[in-house]
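Subject: Structure for your review

Dear colleague,

Please find below the structure that I am handing over to you. My notes on what was found in it follow.

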Amino acid sequence: MTPARAGLIAALATLVLDQASKLWLYFGTDLVMTQPWRLAPFADFVVVWNRGVSYGLFQQDGGFGRWLLVAVSLAAAIGLSVWMHRAGSRLLGVALGLIVGGALGNAIDRAAYGAVFDFVHLHAGTWSWYVFNVADAAIVAGVVGLLFDSLRPAGRDPRTDVAGDRNHPQT
């Protein structure tokens, strides 16, 4: 499987899982009325509408900010898709696909509702992590994948010198 195909599958899977989880929790359950739902001593489902970006930064109340964030998300998805189609490894393709799928999932929320629907709240004692969704988790996993890919050695033939030139051996 090519890196681009693996990335496309990751993007589509992320987008479908993200939107399906949001639609089911918001419209298919009574979470809005009965929150929080305790999943574990450290995790709850809650309803949070994020009008900003990561960690609720740059909250936007007006239409201009909303559509600006949609445009930025779409531009990022397009740029990362071009990179994904040029990826040299499946890890890079999948990492970029996760980010693209997450960006598109959150862009759909902003366009449809004016905010991103976040619902997973992790906490322990007095410590509380921000509330996130499947798209956010995929974006973070994609960034981790990018970091791992950047740390992997380049696919050089170990029999070549540093310059990679077999025709001019070192003296």
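Accessible areas come from the Shrake-Rupley method with a 1.4 Å probe, and for residues only the protein chains shown count as cover.

The model is predicted: local features need pLDDT of at least 70 and side-chain atom pairs count only at pLDDT 80 or more, while totals for chains, interfaces and linings use all residues. Residues are numbered from 1 along each chain as its sequence is written, and side-chain values use heavy atoms, with hydrogens and water left out.

V140 belongs to helix 5 (residues 134-151) and is partly exposed, its relative accessible area being 45%. Buried stands for under 20% relative accessible area, exposed for over 50%, and partly exposed for values in between (1.4 Å probe, protein chains only). The protein chain as a whole exposes about 10,400 Å², of which carbon and sulfur atoms supply 67%.

Turning to the overall fold, the protein chain has five helices and four strands, in the order α-α-β-β-α-α-β-β-α from the N terminus. These elements are DSSP runs numbered from the N terminus (helices: H or I, at least four residues; strands: E, at least two).

Strand 3 (residues 116-124) and strand 4 (residues 127-132) run antiparallel and are joined by four bridges; strands pair if DSSP finds at least two bridges between them. H123 has S128 in strand 4 as its bridge partner. Two residues lie between the strands of this hairpin, and G125 takes a positive phi near 60° there.

In the interior, 41% of the 171 residues are buried. The largest nonpolar core has 11 residues, including A11, A77, M84, A87 and L146. Helix 4 (90-113) and helix 3 (63-85) each supply at least two of its residues, and helix 4 gives the most, with five. Another core, of eight residues, lies apart from it and has F45, V47, F117 and V120 among its members. A nonpolar core here is a set of buried Ala, Val, Leu, Ile, Met, Phe, Trp, Tyr and Cys residues joined through side-chain atoms within 4.5 Å.

Yours sincerely
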